[in-house]
Amino acid sequence: MMTAVELGLIYAVMALGVYLTFRILDFPDLTVDGSFTTGASITAVSIVSGVPPLLATGMAFGGGLAAGVVTGLLHTKGRINGLLAGILTQIALYSINLRIMGKANVALLRETTLFTPLREAGLTGTWLSVGILLAVAVAILAAIVWFLHTDLGLAMRATGDNPDMIRSFGVNTDNQKILGLALSNGLVAVCGALIAQFQGFADIGMGIGMIVAGLASVIIGQALLGRSSIAIAAGAVVLGSVMYRVVIQLALMAGLNPNDMKLISAVLVVLALVLPQWKGFARMGGAMRGRIASLTDTAIVEKEG
Amino acid sequence: MLRVENVDMTFAAGTVNARVALRDVSLHLAPGDFVTVIGSNGAGKSTLLNVVAGSLRADSGTITVDGRDVTRLNDHQRARYIGRVFQNPAAGTAPHMSIEENLAMALERGQRRGLRWGVSKAKRERFREELTALEQGLDVRLEDWVTLLSGGQRQALSLLMATFSEPKILLLDEHTAALDPQRAALVSRLTSEIVDRFGLTTLMVTHNMDQALRLGKRLVMMHEGRIVLDLDHEQKSRMTVKGLLAEFEKVKGGDLDDSLLQ
C-alpha cells in the first residue's frame, strides 16, 4: 500500500501536467502517452551512458517540452484538430522513442538513479520515502500554482477560459497554447523519467493509457475537493493521483486481473465524468455548492462589516 | 486618431453566396471624437467594427491608428491600441477567473506578460477604487469569479476593463443590446462617464436610434455597406428619432429607384 502512495505521488507530476492542458487550456492532449515514454527513454539511455540521474531527468523535461511544442504547432499553425494533433505526435513519438532506446526495453537495475540513495538506506515503502516524494510533489504543485498567478499564467488561464477576450487584450493565444502544451508534456516526461528510475527500466509500452490515468486523477481529485481556486484545483489533482493508485492497488489486492486494469481505469473515468450529470448526484452537488455559497456569503458580510 | 480609408469587404467573394458588407468606406475620427454608428441589419456596422479591430481583414483599403498603419496587424496585435466591448456580456470577461484577475489582465493590455505576480497589492488598491466608481458593489467582491455576476455587472466590468488602460480607440459593439432596459440605461450612463473621463476616441455601433442620439458627438448612418449620413455635433444635437427615420426612408427609397433604373 505504501508503494501505491509513492507511485501516486510520482504520477502526480504527470497529473499536474494533464491538469495544465485539460483544465487550464481546455485541451485534451493525447501527446501524453508518447511523451511519458519519451521522458523515460531519454533518462534511461542517458543514465546507462553515464549521465548523472538529475541531469538525465532534466533532459527528459527538455524532450517533453519539444513534444508539446510539436503538438502545439500542429494545432495552432497547422490548424489540426486538437485531439488529432495529439494523436499524431503520440504515434510519431513511438518511433522516436524506439530510436532513442535502440530497442524496446532498457534496464536500469544496476545503475545509480535518483532513487538509489532511498533504496540503499532501505527507505522505499516507508513513511519517510512518502514524505520525501510528497515534498517533491508539493514543490512542483507550488511552482504551478505560482505560475498560474503571474501575468503570463493569467493569460494562459484566460486562453482556456475565453480566448476572444484575452486576444482583445493583446495576447497571442496560439503562443499560450504552445507554451502550455510544452510545460504540460515537460512535466509528463519528467514523470516518465521518475517512473523509469523507480521501477528500474524504461519500456516502449509504458506510456499506454497514461492520459486516462492523468484524466482520472484530475477528475477524481476535483470531484472530491472542487476547483474553487487554482491552489485547491491543483492540490486536488495530487490527491486524485494518490487516490487513483490506491484504488488500483485495492482492486489488485481484491484479486482482479492486472490485465484488466486499463479497462477498469477507463470505466473509472467514465463514471467520474457521467455520474455528476445524474440527478441524485446533481442534488448532492447542489447541496455542497449551497454550503460553499453560504460560506462565501458570510465572507462578503464580514468584508462589508 | 482613427482613419479608415476606402475599405471594401466582401464575404464569400467569388461564390454565389457573395455578400458585399463594406463598399469604399472612409471614416476619420479626430482625437476625442465619439461616433455612433446606426443602420439596419446587414448594413455593415459590425463588419466595420470588426475590420477596425482586426478580427476581419478588409479586402482593400487601409486602417490607421494614431498615424500607425495597422492594416496588416491581426486583432491581438492591434489590441495595444484598441479597447473593445462586445455585445454579449459573457464575451468580454473570463468567467472562471476572479474580478481582480480579469482587471489585472486588462491592465496589461498589449504589454509583454512575464512572471510577475498578476494581482499585486498596489494593483488591488487601484482596482478597488475603479470598481467603487462603477457603483455596482463590485469593490467588495474582488475575489469572486466573474461568472457569479449579473449581465449588467459583467458588462460594466467589461467596459472598465476595455477602457482603464486608456487605449487610443474604444470600440463598442451594441454593448447594451443584450441587457434589459434598466441595465442598458445604466451601462449607457457609465459609457458616457468613462469616455468623458479618459477622453477616449470612440466608435459605437448600435441599432437603438434613441441611444445613438443621446450618446456621442457625431452620428453616422450606414446602409448596404456605405456611409449614407454623417452628422456633426451640431446637426446631431438638432436631430430626432423621427428625423433619423425619415432619413432612413429616404435612403431606402433611393435604393428602390436604383433598382427600377436597372
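This is a predicted model: local features need pLDDT of at least 70, side-chain atom pairs count only at pLDDT 80 or more; totals for chains, interfaces and linings use all residues.
Trainee: Which helix gives the most to the side of domain 1 of chain A that touches domain 2 of chain A?

Mentor: Chain A is divided into domain 1, residues 2–256, and domain 2, residues 264–305. Eleven residues of domain 1 of chain A are in contact with nine residues of domain 2 of chain A. On the domain 1 side, seven residues come from the helix that gives the most, namely helix H10 (residues 210–225) of chain A.

Trainee: How many charged residues has that side of domain 1 of chain A, where it touches domain 2 of chain A?

Mentor: By class, the side of domain 1 of chain A that touches domain 2 of chain A has nine nonpolar and two polar residues. The number of charged residues on that side is none: it has no charged residues.

Trainee: Which helix supplies the largest share of the side of chain A that touches chain B?

Mentor: The contact takes 23 residues from chain A and 27 residues from chain B. Three helices of chain A, H7 (151–161), H8 (163–167) and H13 (279–304), each supply at least two residues of the chain A side. The side of chain A that touches chain B divides into nine nonpolar, seven polar and seven charged residues. Its largest share, eight residues, comes from H7(A).

Trainee: Which helix of chain B is included in what covers the buried residues of H7(A)?

Mentor: In H7(A), eleven of its eleven residues are buried, among them A:Asp151, A:Arg157 and A:Asp161. The cover from chain A includes helix H1 (2–24), helix H6 (127–147), H8 and helix H9 (173–199). From chain B, the cover includes helix H3 (99–107).

Trainee: Which residues touch the most other members of the largest nonpolar core?

Mentor: The largest nonpolar core has 156 residues. Leaving aside neighbours within four places in sequence, A:Cys191 is in contact with residues including A:Ile10, A:Val13 and A:Phe36. Within the largest core, the residues that touch the most other members are A:Ile10, A:Ala12, A:Leu16 and A:Cys191.

Trainee: Is B:Gln182 buried or exposed?

Mentor: B:Gln182 lies in helix H6 (residues 181–198) of chain B. Because B:Gln182 has 9 C-beta neighbours inside 10 Å, it counts as exposed.

Technical notes:
Residues are numbered from 1 along each chain as its sequence is written. Chains are lettered from A and ligands numbered from 1 in the order in which they are written. Helices (H or I, at least four residues) and strands (E, at least two) are DSSP runs, numbered from the N terminus. A residue is buried if 20 or more other C-beta atoms lie within 10 Å of its own, exposed if 12 or fewer, and partly exposed in between; C-beta atoms are placed from the backbone. Domain bounds come from an automatic or database domain assignment. Two residues are in contact if their C-beta atoms, placed from the backbone, lie within 7 Å. Ala, Val, Leu, Ile, Met, Phe, Trp, Tyr, Cys and Pro count as nonpolar, Asp, Glu, Lys and Arg as charged, and the others, Gly among them, as polar. A nonpolar core is a set of buried Ala, Val, Leu, Ile, Met, Phe, Trp, Tyr and Cys residues joined through C-beta atoms within 7 Å.
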